[in-house]
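Please keep the sequence and the picture in view while I talk.

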Amino acid sequence: MSGCQGCRQEDAAFDLAMAFQPIVDIVSGEVWAYEALVRGRDGQGAGQVLKSVTPENRYAFDQQCRVAAITQAVEAGIVATGARLSINFLPNAVYSPLACIQLTLRTAAAVGFPTDRLIFEFTENEEMVDTRHVGEIIDTYRRMGFATALDDFGAGHAGLSLLARLQTDVIKLDMELIRGIDASRPRRMIVEGLLALFARMGITTIAEGIETVAEYRILREMGVRYMQGYLLARPGFRTLPAHILPEGEPLRLSA
């Protein structure tokens, strides 16, 4: 694959590091995936790093994030855990799904990370120039054996209309829907409806931004299996942090 015009651009290099936050399977008690979160070389926050991303260099940024996520996750020991790796990507930086994935494949091969454990995650909040193109990316990645995830669902203006056009393998419920859900009947009703809808569509649901035991408990009672948030584990800079379950033991499936 020779690549596309965007893939041949010479852009400035970014000095990137990654933090990794667990997505926990509360049934098994194990980490289902680690999300790679971009940081500066010395741990600067994502906002500081993203200030330097422009339409002219976003392809280089997207590619370098993928490389950093895979190489640093392997250095941190992810291969032995069996967990997946969720990488945030910019759909508008992908000129050609097949051409723009080649560096990712070469990197995974070079460091020995199984590509069937890759998840590519994008946010509902990102402005999408062409949703048909994003759909092509999702379809291409699925054919190649990757999973895709839609982040921050419920926070952006598109919502269900976007879901009607783009079906990812995973949807992450935005923390604004999760915050205080134990004390909010409207939030519970909305999330219950979404969980039923996603189940019918064959979509895996992750609840993110969980910060209290009360939020964890109500979501567990509602049947959410995969959770992410400070209550379970904070991101580890260049490391795979330990996680805890508030109840002490994994939730066992009934026989």
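Let me begin with a term: a residue is called buried when its relative accessible area is under 20%, exposed when it is over 50%, and partly exposed in between, with a 1.4 Å probe and protein chains only. Ala46 counts as partly exposed, because its relative accessibility is 25%. What we have here is a predicted model, in which local features need pLDDT of at least 70 and side-chain atom pairs count only at pLDDT 80 or more, while totals for chains, interfaces and linings use all residues. Residues are numbered from 1 along each chain as its sequence is written, and side-chain values use heavy atoms, with hydrogens and water left out.

Staying with Ala46, this residue is found in helix α1, residues 46–50, where helices (H or I, at least four residues) and strands (E, at least two) are DSSP runs numbered from the N terminus. If we leave aside neighbours within four places in sequence, Ala46 is in contact, meaning heavy atoms within 4.5 Å, with Val38 and Arg39. The C-alpha atoms of Ala46 and Ala19, which are 27 residues apart along the chain, are separated by 10.0 Å.

For the chain as a whole, the secondary structure comes to 10 helices and nine strands, and buried residues make up 50% of the 255 residues. Of the contacts between residues at least 6 apart in sequence, 71% join residues at least 24 apart.

Now to the interior. A nonpolar core here is a set of buried Ala, Val, Leu, Ile, Met, Phe, Trp, Tyr and Cys residues joined through side-chain atoms within 4.5 Å. The largest such core has 65 residues, and those with the most contacts inside it are Leu85 and Leu219. Helix α2, residues 58–76, gives the largest share of this core, namely nine residues. Another core, of nine residues, lies apart from it, and includes Ile23, Ala33, Ala147 and Ala149. Returning to Leu85, and again leaving aside neighbours within four places in sequence, its contacts include Phe20, Tyr34, Phe113 and Ile119.

Strand β5 itself, residues 147–153, is mostly covered, with seven of its seven residues buried.

I would also point to two backbone angles. Most residues other than glycine have a negative phi. Asp152, however, has a positive phi near 60°; this residue is found in strand β5, and Asp152 counts as buried because its relative accessible area is 18%. Arg238 is not a glycine either, and has a positive phi of about 60°, but Arg238 is placed in the segment after β9 (236–237). Is Arg238 buried or partly exposed? Arg238 is partly exposed, with a relative accessible area of 36%.
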